[in-house]
Amino acid sequence: MFKVLVLSCSTGGGHNSAASAITEELRVMGVQVDFKEYLDLINYKIANVVNKLYISSTKGNGAVFKRVYKLGELYEKTKITSPVYGVNKLHRRKLYNYIVENKYDYVVVTHLFPAEVLTAIKKQHNIHFIAVATDYKSIPFWPETNPDYFIIPHKDLIEDFTKKGISREKLIPFGIPVSTNFSKDLDKSKIFAELNLDENKKYILVMTGSMGFGNVTGIIDVLQNEISETILVACGNNKKVYEDISNNYDSNKVIPIGFTPQIYKYMCISELLLTKPGGLTTTEAATINIPIIHTMPIPGCETYNAEFFESRGMSISCKNTTDVKNAVISLLNDKNKIENIIKAQKQNIDKNACSKICEFIIDEIRKYSKWKRIYNRM
């Protein structure tokens, strides 16, 4: 039996969701899989620090994250190995020993950090791994990693990745992996009952990301008196946002939702989705075929995600709360616009991306099965 290690990093929930989807599908296919948080394997104290820094950088309008991202883009152009790689390669011995001791046949990563350290390991050992991109853009420092293959979100991104210096032969445009929950045919009546929601009402869903980012109350304020639909607000892990909504809004008009693994059910019964343009959430929504209105992004890769989707007719992108209000009213009053968005989603997003990725991974492992073990000890 094959044994696969899937590595992610909790700087935003999308990386983990993609890793979970791959883990889930590989297990269905009979593969033994372990999904681990990369920084926890290295040092759980580092993980806490990194995650706190990430959350801090996205506060307000994400100005700090924007500056860091732009610096990364500028540094990448110098073709000098980044400090990010320098820090991650320090952990190569610890991660390599973990892989060997647990007898993994292959490694899958959905985040840059473990891809960096695996690249350092690969310079010394016969190791094989695949990197899965979770944004509709080649993010800074992907080109200095060396996976066997890159799984990228769309064929139209091939040029973007090759321009950065990544070999065309490595690029596999299967799409972003999402849980099979988002491609199931669901009974809406049952879901309304499960979620304790009124089937006779209409809902729109506002998502703020796993960290609860964005001007949520501003969006609620411009919408609640303009539409008859009830507003569902997925607050992620942000308890403060949840409490503020619970205490300050009419529960018949605005309903806060804490962190939930069943967000696909809320998408299924909603008329529209308002979400910041995270690569994973946006792909999940397009897979389930709900009209998407992109609210203000965390500057950087999310800006590119919004541009990619809007340019292909899969979403409407908004710069401020007035734009959001106008987009919501426009879609609710025009079924043709909704139908066109869903049609574009079906044309561009492969609902079977995750299974295709996992089949590809299994085929790659089989290529190396002639060796008794892929890895050699240090």
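This is a short tour of the predicted model above, stop by stop.

Before you start clicking, note that local features need pLDDT of at least 70, side-chain atom pairs count only at pLDDT 80 or more, and totals for chains, interfaces and linings use all residues. Residues are numbered from 1 along each chain as its sequence is written, and side-chain values use heavy atoms, with hydrogens and water left out.

**Whole chain.** Show the cartoon first: the protein chain has 17 helices and twelve strands. These are DSSP runs numbered from the N terminus, with helices being H or I of at least four residues and strands E of at least two. Of its 378 residues, 54% are buried, meaning under 20% relative accessible area with a 1.4 Å probe, protein chains only (exposed is over 50%, partly exposed in between). Among contacts (heavy atoms within 4.5 Å) with a separation of 6 or more, 68% join residues 24 or more positions apart.

**Strand 7.** Now select Ile204, in strand 7 (residues 203–207). Is Ile204 buried or exposed? Its relative accessibility is 0%, so Ile204 counts as buried. Leaving aside residues up to four places away in sequence, its contacts include Leu223, Ile227, Leu272 and Val328.

**Aromatic rings.** Next, display Phe, Tyr and Trp side chains to look for the ten aromatic pairs. Rings (the six-membered one for Trp) pair if their centres lie within 6.5 Å; planes under 30 degrees apart are stacked, over 60 edge-to-face and the rest tilted. Zoom in on Phe150 and Phe161: their ring centres are 6.4 Å apart and their planes at 55°, so this pair is tilted. Phe150 belongs to strand 5 (residues 149–151) and Phe161 to helix 8 (residues 158–163), so the pair ties together parts eleven residues apart in sequence. Both Phe150 and Phe161 are buried. Then pick Tyr136, Phe308 and Phe309, which ring pairs link into a cluster.

**Second largest pocket.** Finally, select Lys188, Cys268, Ser270, Ile288 and Asn289, the closest to the centre of this pocket among its 23 lining residues. Which helix gives the largest share of the lining? Helix 16 does, with three residues. Helix 9 (188–194), helix 12 (263–268), helix 13 (279–288) and helix 16 (335–348) each supply at least two.

Definitions and conventions: On a 1 Å grid over the protein atoms alone, a cavity is a set of points where a 1.4 Å probe fits but cannot get out, and a pocket is an open set with protein on both sides within 12 Å along at least five of seven lines; lining residues have an atom within 4 Å of a point.
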